[in-house]
Amino acid sequence: MSQTVFAPWSDPGAKPLIEFRNVTKRFGDFTAIDGLSLGIYEKEFFALLGPSGCGKTTMMRMLAGFETPTEGSILLSGQDLGRVPPNRRAVNMMFQSYALFPHLSVWENIAFGLKREKQDKDAIDARVTEMLRLTRLEKFKSRKPHQISGGQRQRVALARSLAKAPKLLLLDEPLGALDRKLREETQFELMDIQEKTGTTFVIVTHDQEEAMTVASRVAVMDEGRLVQVATPPEIYEQPATTYVADFIGDVSLIAGRAKPAGERVEIAWAEGQPPIVATSETSLSTDQSVHFAIRPEKVHISKERDETRPNLLQGKVEDIAYLGNISTYHVRLSDGTLLKAQSTNHRRLANRGITWEDEVYLSFTETAGVVLTE
Amino acid sequence: MRRFSWFNATSLTLGFAFLYLPMIILVIYSFNASRLVTVWGGFSTRWYGELLQDEAFLDAAWVTLRVAVFSSTIATVLGTLAAIVMVRMGRFRGRTLFSGMIYAPLVMPEVITGLSLLLLFIGIGLDRGIFTVVLAHTTFSMCYVSVVVSSRLATFDTALEEAALDLGCTQAQAFRLVTLPIIAPAVISGWLLAFTLSLDDLVIASFTTGPSATTLPIKIFSSIRLGVSPQINALSTILIALVTVGVIAASLATKRRADAAERDARAAIRT
Ligand SMILES: Nc1ncnc2c1ncn2[C@@H]1O[C@H](COP(=O)(O)OP(=O)(O)OP(=O)(O)O)[C@@H](O)[C@H]1O
Ligand SMILES: [Mg+2]
């Protein structure tokens, strides 16, 4: 990481490159985007995450100019995009299906947008060559799209959308068709390209790991609304709602009633059980119904009772998922709640000790989990 | 290899005989020296010579060719536009009615099409001649073009056009640079279809033409009524030869293109 942290969104003076102002999009009487407001800043790598049908593609298509908002407005560098047609926007899109022109060679595909700008031939040549080098496609420049592999096609699509050096590049599930290894490579390639070119990226993805890896900020959407917009660590460690907590990563949720006590809050979650002690940034009222969310890796599992821990729960191992580097234990507490705990497998053939049906103790610190009211 | 079967061999022979025997007889008799069509009088090419002297036949051939080229070209433009509107416009009120109306002339009896066009031309006081035949042929062959092109457009990925717009094309440029090259094979086969339909149309042409413009089918038909002449045989043989050459050339061209694509693909794998 560089010394100055890149966080224009927390600078009140910074002007966003893109601004959604109360944008609503309806198809007939179906509301795809519902009163959405959002600012995306220059040089950001912004990820849109959400379940299928929540409106991610619709947002992209509005930015590219293929759909117009029913209500509200979208601004690019302070200018209302309004009814600016797609060919007049400094925005390029990399299509989910790549949409490469089948009758043109790789070179001609990349040059297509540049030729429309009526640049002179040498400038086009130089730019296409640069793009070919950036995406490592020099060897394939005279082939047609049907003569190259899926991963290469995807890079052609990327090169084509980057060639015009747009202010904003939209990537709709760009890596969906790739296998895991190529996908990870390409993710780093994307980040590299973004760093080199300084373009603002908006990426749609179904893969939360991908979003966490590449993005400067992540937006979690649900049914046309933004639920939370934050940096990957914030989204993971401080989810705003149980929906976000559940959507991103693995989490255990325990319902209970809050009893604030100064900095701390005690959560009564089951009859005859000691309350869970946690910290909360929001002020809670007594007896407010809350959810306590905790990530499995923050829960310590052991067969011995360790009285020094502030939160100590007892349960029975119901299931063990061995994932190689880690194991996840599903522990059923006495009231029936399921809590997940994770431990790292330090040693190869360690006697991991804990097996099915074992009585175990789960413990975690006061700051390990978050208290959610929604 | 499959085993030789008398049944298959017989079917094949009968089938081909059924298709080609009439034509073979026609070709043979076009070289008949005798004026009597059914009596063989020795080999001669005199009817070909006489045909080439016959102004009326040459005129008719020239009229037919012009009609076919103009009408199929106009029909291709209009039919392609109609196909685009039908496939792209999405749902609008009366869309089903419109698309039904475009395809209706396909099943309309030619006599009715011809008669209604004739009434129209008389009604608006248009002098009948080559122009009206071109109009009439455009009208009915346009539907065929539109059917061919719209079936290609139905599988055309609209994201390609969106990508073109996204990269800075206007609607018209996107069509010219992306859509048209991709659907070109369908447009060309639509044109060929319209061209052949116009070449061999007799009914509609006879309704809509005037004395100044006699097409070849009309000319042939009217001279047959005066008795079959060996000249007609010669003319038909020439037409058969032309069509055969055309079909072979077209299929060779297609094959050459397919071969080239395959060669490209193989070269691509090697590098
Ligand atoms: N042209 C349209 N007409 C009617 N409804 C539409 C149209 N386009 C999208 N929708 C609806 O809007 C909603 C959002 O669609 P969108 O394509 O934005 O989803 P998405 O978040 O991209 O989903 P996915 O992750 O599956 O791609 C969906 O319920 C979809 O059915
Ligand atoms: Mg989508």
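Figure 1. The model is predicted; local features need pLDDT of at least 70, side-chain atom pairs count only at pLDDT 80 or more, and totals for chains, interfaces and linings use all residues. Residues are numbered from 1 along each chain as its sequence is written, chains are lettered from A and ligands numbered from 1 in the order in which they are written, and side-chain values use heavy atoms, with hydrogens and water left out. A pocket is an open set of points on a 1 Å grid over the protein atoms alone, where a 1.4 Å probe fits and protein lies on both sides within 12 Å along at least five of seven lines.

**Figure 2. The lining of the largest pocket comprises 26 residues.** Lining residues have an atom within 4 Å of a grid point. B:Phe195, B:Leu199, B:Leu239, B:Leu242 and B:Val243 lie nearest the pocket centre. Two or more lining residues come from each of the chain B helices H2 (46-53), H3 (55-88), H8 (171-199), H10 (216-225) and H11 (230-270); helices are DSSP runs (H or I, at least four residues) and strands likewise (E, at least two), numbered from the N terminus. H11(B) supplies the largest share, 11 residues. The lining divides into 21 nonpolar, 4 polar and 1 charged residues, where Ala, Val, Leu, Ile, Met, Phe, Trp, Tyr, Cys and Pro count as nonpolar, Asp, Glu, Lys and Arg as charged, and the others, Gly among them, as polar.

Figure 3. A polar side-chain atom of A:His206 lies 2.9 Å from an oxygen atom of ligand 1, and a polar backbone atom of A:Cys54 is 3.2 Å from one. Ligand 1 alone exposes 630 Å², of which the protein buries 62% (Shrake-Rupley method, 1.4 Å probe).

**Figure 4. The shell around ligand 1 includes A:Phe27, A:Phe30, A:Glu173 and A:His206.** Shell residues have a heavy atom within 4 Å of the ligand. Strand S2 (30-40) and helix H1 (56-64) of chain A each give two or more residues, and H1(A) gives the most, with 3. The shell has 4 nonpolar, 6 polar and 2 charged residues.

**Figure 5. A salt bridge joins A:Arg61 to B:Glu162.** The closest N and O atoms are 2.8 Å apart. This pair crosses between chains, from helix H1 of chain A to helix H7 (residues 158-166) of chain B. Over all chains the structure holds 24 salt bridges (a side-chain nitrogen of Lys or Arg within 4 Å of a carboxyl oxygen of Asp or Glu).

Definitions and conventions:
Polar contact = N/O pair within 3.5 Å; in protein donor to acceptor, adjacent residues only side chain to side chain.
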